[in-house]
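Colleague: Could you walk me through reading this one, feature by feature? I'd like the general idea each time, then the case in hand.

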Amino acid sequence: MKSEIKGIVASGGPKNIIGIARIVLSEKDFSKIKKGDILVTDETDAGFLPAMIKAKAVITDLGSILCHAAIVARELKIPCVVGTKIATQVLEDGDKIEIDIKSGTVKIQSDIIINNKKYGS
């Protein structure tokens, strides 16, 4: 399984973002995203605004710096990586991920368990 994907930084921020990925492919999935989650989708349109407002960042399979997700993310002042091609296929709901705001790289973070104690990366 690929643990790192790359896209285009369409909206930046002051530092890397770490959060929980939520795969949202249509409006029926909006209930999955909670305040502070990272929205992962193929693309967005005006109907996605309620989910985007809750998200701390957005990652899309499609798009460029002028796509809907990029423009709305800049207006909301949240980080956005577009054009990954595979984010919805590689990432899973609940994955802890880190977005490198400078390079557009998304990494899946792993937790290490030693003697039943969980250590986050």
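Colleague: Which backbone oxygen lies 2.6 Å from a polar atom of the side chain of T41?

Modeller: The backbone oxygen of V24 does. Before we go on, this is a predicted model, so local features need pLDDT of at least 70 and side-chain atom pairs count only at pLDDT 80 or more, while totals for chains, interfaces and linings use all residues. Residues are numbered from 1 along each chain as its sequence is written, and side-chain values use heavy atoms, with hydrogens and water left out. As for the general idea, a polar contact is a pair of N or O atoms within 3.5 Å; within protein, one must be able to donate a hydrogen and the other to accept it, and residues adjacent in sequence count only if both atoms are side-chain atoms.

Colleague: Is T41 buried or exposed?

Modeller: Buried means under 20% relative accessible area, exposed over 50%, and partly exposed in between (1.4 Å probe, protein chains only). T41 has a relative accessible area of 0%, so T41 is buried. T41 lies in strand β4, residues 38-41. Contact means heavy atoms within 4.5 Å; leaving aside neighbours within four places in sequence, T41 is in contact with V24, L25, F48, I59, T60, D61 and T88.

Colleague: How many helices and strands are there in the protein?

Modeller: Helices (H or I, at least four residues) and strands (E, at least two) are DSSP runs, numbered from the N terminus. Here there are three helices and ten strands, and along the sequence they follow the pattern β-β-β-β-α-β-α-β-α-β-β-β-β.

Colleague: Which strands pair with β8?

Modeller: Two strands pair if DSSP finds at least two bridges between them. Strand β1 (residues 4-6) pairs with β8 (residues 105-108) in the antiparallel sense over three bridges, and K6 stands opposite T105. Strand β7 (residues 96-100) also runs antiparallel to β8, with four bridges joining them; there, I97 stands opposite I108. β7 and β8 form a hairpin with four residues between them, and G104 in the turn has a positive phi of about 80 degrees.

Colleague: Which residues have the most contacts inside the largest nonpolar core?

Modeller: A nonpolar core is a set of buried Ala, Val, Leu, Ile, Met, Phe, Trp, Tyr and Cys residues joined through side-chain atoms within 4.5 Å. The largest one has 18 residues, and L39, M52, V58, A69 and C80 have the most contacts inside it. At least two residues of this core come from each of α1 (49-54), α2 (68-76) and β6 (80-82), with α2 giving the most, four residues.

Colleague: How many disulfides does the structure hold?

Modeller: A disulfide is a covalent bond between the sulfur atoms of two cysteines. The cut-off is a pair of cysteine sulfur atoms within 2.5 Å, and the structure holds zero disulfides. For C67, the nearest cysteine sulfur is that of C80, 6.0 Å away. C67 counts as buried at 18% relative accessibility, and C80 is buried at 1%.

Colleague: How many salt bridges does a search of the whole structure find?

Modeller: A salt bridge is a side-chain nitrogen of Lys or Arg within 4 Å of a carboxyl oxygen of Asp or Glu. The search finds three. In one of them, R22 meets D37, with the closest N and O atoms 3.1 Å apart. R22 lies in strand β3 (residues 17-23) and D37 in the loop between β3 and β4, so this pair ties together parts 15 residues apart in sequence. R22 is partly exposed at 23% relative accessibility, whereas D37 is buried at 7%.

Colleague: And the pair formed by D93 and K32?

Modeller: Their side chains meet in a salt bridge of 2.7 Å, N to O. The pair links distant parts of the chain, 61 residues apart: D93 is in the loop between α3 (87-90) and β7, and K32 in the loop between β3 and β4. D93 is partly exposed at 36%, and K32 is partly exposed at 29%.
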